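Look at the fold below and trace the chain from one end to the other. Then read on for a short tour.

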Amino acid sequence: MSVHFVLPVRRENPLRVAGIEYLIVWPLITGGDLTRMALPTPTLHTARLRLRPFDDADANDLFALHSNAYVLRYWDAPPWSERVRAERFITACRQMAQGGTGARLAVDRISDGTFIGWCSLNRWNPDYRSASLGYCFGDAAWGHGYATEAARVLLRWAFDSLDLNRVQAETDTRNVASARVLEKLGFMREGTLREDCVVNGEVSDSWVYGLIRREWRPSSEPVPAR
């Protein structure tokens with residue numbers, strides 16, 4: 001069994017956010033009513049990585065990532081077959097930021113500027129102070145700790161800025177490496193969703209992981225403001 005990973009979150013659902021510190025928020029008014037708050041996507045740094053908003057120039061790299069059947073073998077939908085899917089994905093990222101419905105960041109390796117994947121928070125529930133974590137990295141980036149590093153800095157931002165109490169993640173039960181990433185981050189396995197996904201006729205189960213604020217142990221590595 002391969003131990004490489006793709007995404008712990010198998011579905012990306014809408015996300016509503018309100019936050020402090022890193023966030024600049026403004027209301028979107030429809031018919032005189034406040035509908036939701038905007039969430040400008042942050043730019044975050046680690047020793048090796050930069051997490052940033054997507055732009056149009058990422059379309060080719062993004063399509064290469066999501067059209068790779070090997071990389072996407074544990075995902076809840078078939079690989080992309082048309083480049084326009086990448087363009088729609090980038091547009092959706094911007095709409096998520098503008099509408100306050102999510103935060104999905106491209107991940108670059110600082111040493112050479114190479115795009116290696118993405119990381120996101122979704123399913124934000126302001127009443128429950130909860131959200132879900134997702135990420136996807138190309139196979140050339142596997143085995144270097146990049147997923148753990150990127151997810152950790154995004155979680156640090158989220159716990160500090162969004163006042164989260166709980167973050168949830170889901171991974172295919174065959175995706176052993178992704179489960180290890182979550183466990184390195186402090187997530188605890190909480191249960192199994194049996195026959196949770198059916199992709200191209202193949203049925204699979206999912207593990208559910210949870211991370212509670214009081215159990216969160218952020219890295220001591222400083223995250224410079226840039």
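The chain has 4 helices and 10 strands. Both are DSSP runs numbered from the N terminus: helices are H or I with at least four residues, strands are E with at least two. Along the sequence, the pattern reads β-β-β-β-α-α-β-β-β-α-β-α-β-β. This is a predicted model, where local features need pLDDT of at least 70, side-chain atom pairs need pLDDT 80 or more, and totals for chains, interfaces and linings use all residues. Residues are numbered from 1 along each chain as its sequence is written, and side-chain values use heavy atoms, without hydrogens and water.

Now look inside. Of the 226 residues in the chain, 48% are buried, meaning under 20% relative accessible area with a 1.4 Å probe, counting protein chains only. In soluble globular proteins, nonpolar side chains tend to be buried together. Here the largest nonpolar core holds 56 residues. Such a core is a set of buried Ala, Val, Leu, Ile, Met, Phe, Trp, Tyr and Cys residues joined through side-chain atoms within 4.5 Å. Leu51, Leu133, Phe137 and Phe187 touch the most other members. Helix H3 (residues 146-161) gives the most to this core, with 10 residues.

Next, find two packed helices. Helix H1 (residues 59-66) and helix H2 (residues 84-99) pack at about 110°, their axes 8 Å apart. Axes are lines fitted to C-alpha atoms over the stretch in contact, and angles run from 0 to 180 degrees between N-to-C directions. H1 is therefore roughly perpendicular to H2, a label for angles of 65 to 115 degrees. Ala59, Leu62, Phe63 and His66 of H1 meet Ala86, Glu87, Phe89 and Ile90 of H2 in this contact, that is, with heavy atoms within 4.5 Å.

Key: Buried means under 20% relative accessible area, exposed over 50%, partly exposed in between (1.4 Å probe, protein chains only). Angles under 35 degrees count as roughly parallel, over 145 as roughly antiparallel, 65 to 115 as roughly perpendicular and the rest as oblique.
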